[in-house]
Structures are given as C-alpha cells and as structure tokens.
Amino acid sequence: MKEEKKEENEKIVIDLLKLLSETDNVELEDVTIDAEEFAIEIVPAAAPGRPELFKLSLEPVMPGATGKIEFLVEASPQGLRVLGVPPVTPAAPAPPKVVELLSIPFKYPQLPYTSKIAEVQLGATKSEGGSRGVTYKLGGYSTPPMFLFQETSINRPLFALDVFDMRPTLAGPVKRSYADVLEDPVAWAKKCIETYKADLVSVHLVSTDPGIKDTPPSEARRTVEDVLQAIDEPIIVGGSGNPEKDIDIFREIAKATEGEKLVFASITLDMDIPKAVEPLVKHGQNAIALAFMDINQAKELSRKILEAGLPKNQLILDPTTGALGYGIEYSFSVMERIRLAALMGEEILQVPMSCAATNAWAAREAWMKVEEWGPRELRGPLWEATTAIVCMLAGADLFMMMHPLAMKIAKTFAEALQKVRKPLSEIPYEKWVEAKY
Amino acid sequence: MPKILRPLDVYKYLPQTNCGECGESSCMAFAAKLIERQVSVEKCTPLSEPKYGKKLKALLEVLRSPVKEVTIGIPPNAITIGGKDVMYRHELTWRHPTALMIDVHDEMEEEELIKRVKFVNDFSFIRIGRELKLDGIAVRCVSDDSKKFSTAVSTVLKHTQLPLVLCSYNPTVLEEALTIAGDKKPLIYAANKQNWKEMAELSSKYKCPLVVSAPGDLSLLKSLTVSIKKYYNLDDFVLDPGTFVDGGTILDTISMFSVLRYAAIEGEDSDVGYPLLGVPAAVWSLFDGNDDEKRLMESIVASSLMSRYADILILHSIDVWPILPVIVWRDCVYTDPRVPPSVKPGLYEIGKPNEMSPLLVTANFALTYYIVKDDVERNKIDAWLVVVDTEGTSVQSAVAGKKLTAENIYETMVSSGAMEKVQHKTVIIPGYAARLSGELEDLLKDWRVFVGPRDSADIKQFLEKIWKQEVFGEKQ
C-alpha cells in the first residue's frame, strides 16, 4: 500500500512538473513558503466548462506545520494532453459589436524608375534601306517586366529559333522537329518561320570555327544571303565564338547586308572590340554583347562597345543564361539587377537583353530518358519554356530558342502583353474550389 | 524603402547580460545575427522569462518582416511561409521557400484520394545532394456537403501528417471539418466579401490561419484584411488576389502579385504585408485545352508566380514532369545568391575508370563540376576527375583570380591519391587554365600535362583526336 502511494505521488509530481513546464507562467504573490517538504494536490476542472483550469494546493508535510496554499493554474493545450484531459471545442469569442466592412482603397505604389530602355529596331524595310517585309521593335520599357500594368503600349519580347549552318548535335526531342532540314539552313529557316511561327531566326555559323571546318567568310555570307532571300523576317547572325574569326565574319556579312539592321552575335570582352564594332556602325547593324553572368563584366563590355561608337539603340546585352537547375538563378538575379540599375539611371545598361533559353537543353532533366520523370517530349520543351519565362520576368526581351513547343509556350505568354485581355471581374476564378477536375 | 535594421535597434530589447546561452559570444553578436535572419529569437532562452515579457514583445515587433511569417500545421511538420524582407533576392536571400500543396476533393473515389495523398508523402527528388519535397494537401469541397467534406478530411488525416489547406466558401462546411482537423492548424480557405465574418470567427475560434480572397480586386482584398484584423483581432492571414490564367490574364495575375509585394515591402503598407497564395490549379477549371496543355500551363503559372512572390501554391497535376521544373526552380531561387554553390574538392570517379582512363582537372564551382561530369557521362567516358578547391568559382574566374594554380592542382592530385590511379602519367587541365601547364609539368616531373578543351562539351573529341593518339598511338 505504501509503495503504491509513493509511486502515485511520484507520478503526480512528474505530471505537475510537466504541467508547470508547459504552462506559460505561474505567479505566486505575497507568499512565504517555509517548509522542507510539501504535499501537492491537483484538483482538476476547477471551473465548470473550463477544463484547462486546475486547482493546485501545496501543504507542508512536517508534523504540526500549518498553512495551505491554493491557486489556479491554467494548463496549455500541451499540458492538457499530458494530463489526459480531452480537448473541448473552444467557445467562440464574443462577436465584436460593430461589424461592417471597412472600405480602404489600395493605393498603387509609386515606382521610383526614372529612365527608359533604348528601343532597338530589328530589320529594315525597303524604304528604310533594307529588304525585310517584317521588322520589329525591342525594348523601350520604363518599368520592370512585372509591373506591366503601368505600360500603355509596349513592345513584346521576341522569339528566334536556332538554325545551324552544319548538322549539329541536338537533343532527341529537338532533333525530331527539324529532322528533314538539318542539312539545309535555308529550308530550316523557312520551317522555323512558316511552320513554327518564330518571329525571327538565329543563323549560327558554327562551321566557320577554325577548329571545325574553318568555312571562309565569303561562304558564310552566302548562307546568310540565301536565308535572307528565303524569308521576310530579320535574322540574328551568330558567329562561332572564335574571337578573331568572328570579326572577319561580321565584317564580311555586315557589309553585304548593309542597312538591313540585322543582329550580330556576339561581341565579347576577349575580342578586339573597336575592330568588331566598326563594321556594324558603318553598315547600320545591331549587336549582341555577351557577358558572363556578372553585372560588372556586362557594364565593362557595354561601355567599351558604346565607346567604340555603336549607338545605344543598336545594342542588346546577353548576360548569359544558365539552364534551369544549372545556374539559372544567377542569370535571373543578374538580369534583374541590370534592368533595375538601367531603369534607375545607369545609362550603359539601358539596352534590351537577350536570353539563350536553348541552354536549358544542357540540363539532363530536359533531355535524358528517365521513365519516372515522364515523357521527355513534354518535359524537355517545358524545361526550355520555364527557362525562358523565368528570364522574361527578370527582364530578358529577345529569346533564342530551339524546341517549337517551348517557343510557342513562351511566345503566347509574351503576346498577351499586346492583347486586349478580359476584365478579371468576368472570369469565374472562384470556381477552382468546387469544380470537379 | 524596406526597413534596414542595425544591431543596436535589436540589442536594446535583448537581456544584455552576454550570458552566452544562445551560443554567441555576446548579445550584440546575437543581435547582428538576428537582423541577418541567421538565428531565431527562441535561441535567447532568458528572453522567455516573464520579466522580459515586454522586451520580447517589442523585439518581435521590431523583427517582424514586412511580409508576416505565417505557420500552417503543427510540429514537426509545420511549415512557415512569408517572412519576406526584400523584393529582390540579390538584396538578401529569400526566406521560407514557397510551399507546394497538391489538391484532393471530396467527390474523389477514396482510392484516388489516398493515391494522391501518398504521392505527396512520398515525392522526393534528389538534386545536388538535396532532397526536394512537396509540402502538403489542399482539400477542396466540391460536394457542398459537410458530411462528405469531413469524411474526405478525415481520410486525408489518416494518411498524412503534412499540413492541410481546407477549401470551401461555406462556413458551415468548414466548421464541421475544423472540429476534426482544427487542432492540426490547417490553413482556412477562404474569407471573401460574402462570408468574411463567419470565416473570421472560425479562424479565431480554432486559431487557424486564414486566407482572405478578393479575386482581381486589391482594394477589396485590403478592406477585408483590415476589417477582420480590426474586428476580430487576427493577424495570421494569407492573401489571395486570384490566379487568373486564361487569355493572357496570367500577366495581370503576375502584376497583382508584384504590386502587392511592392506595396508591402517598399511602400510599407502593412495591411497587405502577408504571404501570397497562388492557385495554378485554377488552370484546370479556367483554361481551355487538353490535359497535357493544362499540365504545361499549370507548371508555367507555378514557376512564374514563384518568381514573382507567391509564398504558397496549390497545384493539381501529380505527374512528375510538370512538377519537376517548379520544384527545381524553387530550390534555385531560394538559395543565397551571394554564395556560389561548391562541391567538395577531391577525386571523383565518373563511370568505371581504370588505370588507363583519362585524368581530368576542374574547379569546385558546383555548376562547373556538374556540367563537366554531365558531359563526360553523356559521352560514356570513364574518367577520373580531380576537383580543385577554387573557393566555388569557375575555371575562368579562378585562373584570373589565382584560385586555380599549378600548386593547388598539384597538391590536390597528391592528397587525393589521383596520381596512383593511372599508369599513363598524363593529366588533362581545362583550356582556360592553359597558362598553368608549364608550371604544373615542372611540379609533376615525369608527367605530361595536356591542355584540354575550354568547354567540356568538346571533351570526347579531344580525347579521341588528341589524347588517345598521343598517349596510346591510336589512329582514328
């Protein structure tokens, strides 16, 4: 009997300690306790309907001692669980007296941007000194891309599909879309425009690389001229990335296509920049400046190109696009910083930005056959489209893409900018809760 | 402007005893970490003493982010969303990654419902050594029947510990579900213009966070939030400005999210300083198209809204391919943009290399490493890869910044045991490190140093056309 009692007492003390440790605080005021040992008693449900209130009494156990202290403790929900008291539905708080919907207008914030991005024209019509049937304008924005509500008429981002001057190595899902034109850049360009509805094409003259075929500038020029003959749209002329050879290529083609306002890609810091820029200025062409994911490098490059005489409205900056999952967050932040700095007044950055969303195909999540990941015919294009759209939200305006479906998704997104859209009040958004799908 | 705290602003509310309980050397050091969001207030145990009650309250107020932190669910599976201090991640790392919730509804077959819940429980994608997971379940009431909804909610509770969102505009339906799930602190969806009083009462009674919904109307959204806050003394809100998707209205949605966040952070409008809810699942009821088109659209909407400030998203598709880009983008966008990701320096095996396999050198910038590894793997090459500590910078920058030198390549080759792995006594360094080759050859004595391609995409060509011929005399 005695053992049992002792055990029970110990249990109570443990429970009490637990209870106290879970309780926010216990305050004893005007109390002097002068005893070596206490008897502790917990009396539950001290108040009707308030199971969380307990009466706690302390009584000295020394023979002859007097003075019993009683107080209420409020157990926390955790404490209640420790004590095994079932939780009850809390009583609703007393409803407030006046309940009328306040009317507080939301004020659209004033944006601090003071500057504008230069407007670059791609392609020139006959009357403008070129031969293009279709021309575009890029840039001209005065807010970051997500604050479009403030823009009235706005140039939308543009989409180029890639064309190569020799059979390239392509990821499976991409290859399938161009299987019939891989050997013929002219047919390839036509397919991009006519079948896949690209705004323009990017002709990559990879064969000109001295380490590949070392195709001479004259031959590269003929490829470009043939493509220009076949389509009405402006094109991007892409070099091989060799800093010396590209200058020769640019010089030859810029001259032959004088006044067409084509885009030459890319000018990099390891080039002789004045030499690279000179033919573009002379023959009225645009340039893409390629910097490697670094705002300071982008500034340096842009400054050198502008100092070499290229007008701001003929320059596009490519801060490098990392694939989704392989560095895209660096591109996102660098693009965002470039665009914000430009709008806040940094002149040398006030140019449109380009994004090679094609780099998305470097990610294995895009191209690799893995059954658990789902069909790569959808997964790949989605990977490329996501890469493009994320960069679009950071400020990119000109997209180099590869998969027709990826381009279609991203282009639809961009086209909405110039669309008269339904008023939101006419769209039954709320239905998402109760609709069966 | 977002408020910029200095350590002193915070220090004055600390005990100032330098007791060291928090693990910092002084209260000032703790204050500095608090404003950098590197530690949480709870680490200061003395602050929970009653005598510091006032200080604690004031401290929490000072530290409150312009976008309030809201917790959904109960430990150990509770998730906290919001807590955003800045608009742009280059200013300060974004905290509390967007929570991804998958929907179920009360007219689904039980089997289907359980399948979906289990999909969420078990979803796991490992990337760069990190496990990416989904966060919880949104239970929708399609039936408008309290019994059915409660049954669905209890089935969900039976199969998961993850946090829930309970979705209905009918307070009666929600109340019955809350009697079973209220102690799990689900997020209640949603108070709107019609039901806001009843919803506010439920949120108050069950102490659960509440979504305030005013599709397409930011003034109504603000009015509802302020009214509920004032009359019901609540503060745990999640805002739903509506996720519009059809006919290009996704752009309006992105604008609303951005402008709300801008107002909260730069405009210091604390009435809208709460986490934002996006519902890409709305694609399934609003958007015309076949199922794959809907999956594509839902995924794009989710990634866009995550880029532009959504703190919690409700999704429908449980196919892996549309979830993958969203969950990977979340992992990327919530990293610290100031710290380049790096991998551990040392010797890595790609494929099954032997003593005749090439020995390659690269930097320990994670992206460089993964790209090189990927290029080697994709070309089915078995190789040894020596990863040198370049403090997480790429080869090109590391060479320029003298973080990749002949000495540290040599030291890594020795310390990792790479030199004993091959018999051919040759090593291939990246093209961008060409100028280190002479010096490295001096250090390696009887070894030969090859300058490989600048881009690892060309590694196969290099190995076959140059390296193999030079080393083994093989002809193509």
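Analyst: R251(A) and D248(A) meet through their side chains in a salt bridge, at 3.7 Å from N to O. The term covers a side-chain nitrogen of Lys or Arg within 4 Å of a carboxyl oxygen of Asp or Glu. Both residues sit in helix α6 (residues 245-256) of chain A; they are 3 residues apart there, so about one helical turn separates them. Helices (H or I, at least four residues) and strands (E, at least two) are DSSP runs, numbered from the N terminus. Side chains of opposite charge can pair when their charged atoms come close.

This is a predicted model: local features need pLDDT of at least 70, side-chain atom pairs count only at pLDDT 80 or more, and totals for chains, interfaces and linings use all residues. Residues are numbered from 1 along each chain as its sequence is written, chains are lettered from A in the order in which they are written, and side-chain values use heavy atoms, without hydrogens and water.

Over all chains the count is 51 salt bridges. Between chain B and chain A it is 5. D252(B) pairs with R421(A) in a salt bridge, with the closest N and O atoms 2.7 Å apart. By class, the side of chain B that touches chain A has 53 nonpolar, 23 polar and 20 charged residues. Here Ala, Val, Leu, Ile, Met, Phe, Trp, Tyr, Cys and Pro count as nonpolar, Asp, Glu, Lys and Arg as charged, and the others, Gly among them, as polar.

Now the interface as a whole. Chain B brings 96 residues to the contact and chain A brings 80, where contact means heavy atoms within 4.5 Å. About 7,700 Å² is buried between the two chains, and carbon and sulfur atoms give 70% of that. Buried area is the accessible area (1.4 Å probe) that two parts lose on being put together, summed over both. In chain B, Y231(B), L251(B) and W321(B) lose the most area to chain A, together 9% of what that side buries. Polar contact across this interface links 21 residue pairs, both residues at pLDDT 80 or more. Such a contact is a pair of N or O atoms within 3.5 Å; within protein, one must be able to donate a hydrogen and the other to accept it, and residues adjacent in sequence count only if both atoms are side-chain atoms.

Last, the backbone of chain B. The peptide bond from P75(B) to P76(B) is cis, with omega near 5°. P76(B) lies in the loop between β1 (69-72) and β2 (79-82). Y189(B) to A190(B) is also a cis peptide bond, with omega near 0°, and A190(B) is in strand β8 (residues 187-191). N233(B) is not a glycine, yet its phi is positive, about 55°. Its place is the loop between α8 (218-232) and β10 (237-240).
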